[in-house]
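Subject: Structure handover

Hello,

Here is the structure, with my notes below it. Please look through both when you have a moment.

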Amino acid sequence: MNNQTVNRRAALRGIGLASLAGGAGMMGFPEQSLAANYQKATKALPPLKITNVKAIATQPHSIELIVVKVETSEPGLYGLGCATFRQRAHAVVTAIDKSLNDLCKGRDVDNIEDMWQSVYQSSYWRNGPVLNNALSGLDQALWDIKGKRANMPVYQLLGGKCRFGVDCYAHGSGNSPDEVAESVRGFMDQGFRHVRIQMGGYGATQLLGGYGDNQTAVEPDFKKAGFGNADDNYMDSVVYTKSVVDIFDKVREVCGEKVELLHDIHERVQPMEAINLIKQLEPYRPFFIEDPFSPENNRYFRLLRQHTTVPIAMGELFNSPHEWIDPMKDQMFDFIRIHISQIGGITPAMKVARLGEAFNIRTAWHGPGDVSPVGHSANAHIDFAIWNFGIQESVNFSDRIKEIFPGAPYVENGYMFVNEVPGLGVDINEEVAAKFPIQEVQLNNWTQVRKMDGTVIRP
Ligand code: GCO
Ligand code: MG
């Protein structure tokens, strides 16, 4: 750390302390001296510029993780942001290394909103997953840098804490109702108060013709006809919807009422099947049912609201304000589940949270394995600072991921905590990350799901 760094940080800390003194007046300083103080303190210091923006992509396990590193003209001062869109990782890396770096090099790190707006508009066509993820990586990294400069965790810049910890949900699963109930019991023993329950994967595709002791392997007609790809998945919505009622029934029987239960329909059934299923789940008091419809079917929410009072969560697939503004103002769901890198980072996510507060919609940011620890930290910093926080999806990080991302958020007793240091609190070990380059070919087929006749189902 050189003198310039020390001078700059000391100057800013000085100003912070001065303003802490509760306004110059009380200390007999005329108001304007604070501003003068700031001018004087920062005048000598050259503005802090972006010197490089690069993508760091790593695949420590099956999932491609992408973060953006923003380097600055202050030696050793850099920021990290999550840009993880695993299904199109190479496209995001190119957008970062090719377009974003050229756009941002030499620009002022301080003006986050201006940087966000100018990058957002710079492609003319906007609101797509690839460019939004690149923008998110930049945005989160700039908040990380501002926190480091201000010597504060980012949640402090967002307004400070509204709660001591971030309540999380865990992922209960199994291939029979008993197995699912057992896994829920396990998470309750770890202190979780909220558990999502799924059986046989999304849409129960792994349950083929049945489950428990009457499982009969079914070869779907489209495969017999040689239609589609050999490894395409088959889904039977009748088997699926029945299996969901059965797991709620079994888990309530075994685990009682002391646990909040969530389920993700993952938009895999016809809208009317989803509405009928949710009505059948009312007696089990779900905390929320997620993604009953695909964003393309947002219009069905009005009908759903007329038929049930089960709380609904929606939004992990949203990329554009056009998808969330109207349904939120019309209170068509109760939890907004946005994947914050898919919309461009912390800056837009804070606006979504504020919009939600106006219409009593709480947050439940998307937080599965295909969000990097930097992204999980960004989720948590926002979760600490907003009043209308609902719940946070959480995952357990492996030792290898923790080695690559020191300072990753951690969960204790069902609450997520961040690393209480300036910025977002997560760093990266580029050497170890480089040991696990992302696969050249990304053919992840879990999104390839078909009906008996071969019709593709939204995943
Ligand atoms: C969830 C999601 C994820 C997504 C995955 C897509 O609720 O956590 O539905 O499991 O399917 O992030 O890559
Ligand atoms: Mg989901």
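A quick definition to start: helices (H or I, at least four residues) and strands (E, at least two) are DSSP runs, numbered from the N terminus. This is a predicted model, in which local features need pLDDT of at least 70, side-chain atom pairs count only at pLDDT 80 or more, and totals for chains, interfaces and linings use all residues. Residues are numbered from 1 along each chain as its sequence is written, chains are lettered from A and ligands numbered from 1 in the order in which they are written, and side-chain values use heavy atoms, with hydrogens and water left out.

Arg285 sits in the loop between helix H10 (271–281) and strand E8 (288–290). Its phi is positive, about 50°, although Arg285 is not a glycine. Arg285 is partly exposed, at 34% relative accessibility. On the terms: buried means under 20% relative accessible area, exposed over 50%, and partly exposed in between (1.4 Å probe, protein chains only).

Asn360 is in the loop between helix H14 (346–358) and strand E11 (362–363). Asn360 is not a glycine, yet has a positive phi, near 55°. With a relative accessible area of 52%, Asn360 counts as exposed.

Now a strand residue. Val411 belongs to strand E13 (residues 410–412). Its relative accessible area is 27%, so Val411 is partly exposed. Leaving out residues up to four places away in sequence, Val411 touches Cys168, Phe192, Ser394 and Met416. Contact here means heavy atoms within 4.5 Å. Val411 and Phe192 are 219 residues apart along the chain, and their C-alpha atoms are separated by 9.7 Å.

Best wishes
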